[in-house]
Amino acid sequence: GCRVGAVDVRDAVRNDVATMRYIAGERDHRGMVKSGTEEVEEFSPLHATGQSLLDRAYQLIRSGHFATVLDILPETTSSDIQFWPEDIREVALHARGIAEFYTAWDRLDYTAATKVSRQFDNMKFPRWAARWSQVVPGNNFVSWVEELAKPCSLPTNEPSCKNMVPHLRRLVADLLANGERRIRQRQYEDAILRAYRVLEMLGQIRLFSNGLDSGNLSPVHPAVVTLAQKLEKRGSTRFGVKRDGNYTAGREQVARLLLVLEDPMGKQFLDFDKADALILKAEARNKSILIHGYEAIKVEDVKMLQALYARLESLLITEGGEFARKGLNTS
């Protein structure tokens with residue numbers, strides 16, 4: 001027999017050698033196996049390295065780094081995976097499917113996530129990998145994503161405006177949760193932009209609830225006429241005008257239009273700007289490198305950004321009630 005050094009074993013494991021052989025038997029005074037007593041035992045280091053990789057992938061899923069899992073686990077068509085033990089290979093392929101779902105959902109591609117979710121019903125794990133069952137998306141969450149994936153057509157009249165509300169409430173709750181993940185991952189620029197969109201969308205939802213579309217306002221609607229006169233009198237920014245003569249309203253104009261409509265949320269949206277939402281002001285936001293500027297928005301105090309999201313969450317629940325609360329819990 002021959003003695004295999006520790007360095008040889010490390011190199012073998014490092015290079016994913018599929019099978020290693022160990023020669024056992026009676027040994028002489030030198031520690032060598034005596035001729036004729038050899039017993040060859042085979043084992044695969046891929047059991048250990050594969051499980052270690054899956055442990056890392058599991059932690060990445062739990063911490064919200066979904067796309068990274070797709071980088072470290074081999075694809076189904078990869079030649080590397082064919083040498084893996086069958087049980088390791090099966091769990092790895094299931095893990096990739098889970099990561100693909102969460103990655104698509106996290107990038108707001110709900111249609112792609114829905115397609116991937118069809119494999120979850122038949123997904124089973126061996127006992128040593130049982131904890132992976134904890135991160136398989138449940139039926140309620142899959143149904144939530146399926147609802148988000150449904151087409152959303154722009155409204156053309158008052159009834160269809162109001163029909164938009166449930167879908168947009170789901171969407172804004174999911175976007176808020178998405179922004180909170182950006183904060184945890186220290187992607188502050190993306191978190192700020194999502195916060196702005198959440199606040200903007202909440203105003204649009206309230207306007208839809210009143211049968212109006214901020215992107216297609218009739219210039220003869222009584223509330224629109226009233227606000228247009230007030231804006232002109234104050235010298236404030238007027239409505240935008242489309243080619244067909246209809247108006248468009250920005251976020252602040254939407255809030256003021258809600259005041260004219262005597263919607264109590266109008267005042268809350270205007271008050272929001274006077275406190276923690278200064279970072280969402282156009283003059284600050286537009287300086288972002290992702291919009292019109294040349295450098296990242298400075299986030300010197302992360303707690304300030306977290307407080308902003310807490311206020312947005314409160315505003316969302318005030319607007320959408322229990323429906324919004326359930327949406328946040330699902331996301």
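Modeller: Let us begin with helix 8, which is mostly covered, as 16 of its 20 residues are buried. Please bear in mind that the model is predicted.

Colleague: What span does helix 8 have, and what span is expected for it?

Modeller: Helix 8, residues 165-184, reaches 29 Å from its first C-alpha to its last. At 1.5 Å a residue, 28 Å is expected, and the computed span is close to that. Just after helix 8, R186 takes a positive phi of about 65°.

Colleague: Why is the pair of Y102 and F141 called stacked?

Modeller: Ring centres must lie within 6.5 Å to pair, and planes under 30 degrees apart count as stacked. For Y102 and F141 the values are 6.3 Å centre to centre and 25° between the planes, so the pair is stacked. Y102 belongs to helix 4 and F141 to helix 6, so the pair ties together parts that are 39 residues apart in sequence.

Colleague: Why do Y102 and F141 count as buried?

Modeller: Buried means under 20% relative accessible area. Y102 has 11% relative accessibility and F141 has 12%, so both count as buried. Ring pairs also link these two with F66, F101, W105 and F120 into a cluster.

Colleague: What describes the packing of helix 9 and helix 11?

Modeller: Their axes are 9 Å apart, at an angle of about 35°. The contact includes Y196 and L199 of helix 9 and V254 and L257 of helix 11. Its residues divide into six nonpolar, two polar and three charged.

Methods: Residues numbered from 1 in each chain as written. Predicted model: local features only at pLDDT ≥ 70, side-chain atom pairs only at ≥ 80, totals over all residues. Heavy atoms only, no water. Helix = DSSP H or I, 4+ residues; strand = E, 2+ residues; numbered from the N terminus. Expected span 1.5 Å × (residues − 1). Buried < 20%, exposed > 50% of the residue type's maximum accessible area, 1.4 Å probe, protein only. Axes fitted to C-alpha atoms, helices over the stretch in contact; angles between N-to-C directions. Contact = heavy atoms within 4.5 Å. Nonpolar A, V, L, I, M, F, W, Y, C, P; charged D, E, K, R; others polar. Phe/Tyr/Trp six-rings, centres within 6.5 Å; stacked < 30°, edge-to-face > 60°.
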